[in-house]
Amino acid sequence: MDDHRWMSRAVELAGRCPPSESAFSVGAVIVDGHGTLLADGWSRDIDPHVHAEESALSRVTDRAALRTATVYSTLEPCSKRASRPHATCTGLIIAAGVPRVVIAWHEPDLFVTCEGVALLVAAGIEVVETPAFTLAARSPNKHLFRYEPGESPD
């Protein structure tokens, strides 16, 4: 898999997110086992409450291809959410049968405590972290964090 290429695309998509004071800006890309793009999405792209992974998964037409796919997400997939408590991104990924997830950073405990990586691993899904993308993935979310003078999110 070309993790660098697809995570770069996910970071680009995260930059398209309309800013929100109550949700992260996230990009997601889904690639099949042959390296072909199945779908992509970003937070709030189709409605004000949709998450990036949820949006991308909703666009996949060949559901069987998900059994060999990788989901690239700029943020750890949610395990709790206020807007759709029964449709977490972690649950949707597990239900879809996706065997591999690549993330850029873990979700901070800003809105909820996220256990996405732990739940994915417990379900037998390979989770790969790409720390080289952490700063780029955090960038569209700078407005959510308060910094002291002289501090920087980067």
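Me: What volume does the largest pocket have?

Reply: In this predicted model, where local features need pLDDT of at least 70, side-chain atom pairs count only at 80 or more, and totals for chains, interfaces and linings use all residues, the largest pocket has a volume of about 400 Å³. A pocket is an open set of points on a 1 Å grid where a 1.4 Å probe fits, with protein on both sides within 12 Å along at least five of seven lines, and its volume is the space filled by probe spheres set on the points.

Me: Switching topic, how do H2 and H3 cross?

Reply: The axes (lines fitted to C-alpha atoms over the stretch in contact) of H2, residues 52-59, and H3, residues 89-96, come within 9 Å and cross at roughly 30°. That makes the two helices (DSSP runs of H or I, at least four residues) roughly parallel, a term for angles under 35 degrees.

Me: Which residues of H2 meet H3?

Reply: Glu53, Glu54 and Leu57 of H2 meet Cys89, Leu92, Ile93 and Ala96 of H3, with contact meaning heavy atoms within 4.5 Å. Numbering runs from 1 along each chain as its sequence is written, and side-chain values use heavy atoms, leaving out hydrogens and water.

Notes: Axes are lines fitted to C-alpha atoms, for helices over the stretch in contact, and angles run from 0 to 180 degrees between N-to-C directions. Angles under 35 degrees count as roughly parallel, over 145 as roughly antiparallel, 65 to 115 as roughly perpendicular and the rest as oblique. On a 1 Å grid over the protein atoms alone, a cavity is a set of points where a 1.4 Å probe fits but cannot get out, and a pocket is an open set with protein on both sides within 12 Å along at least five of seven lines; lining residues have an atom within 4 Å of a point.
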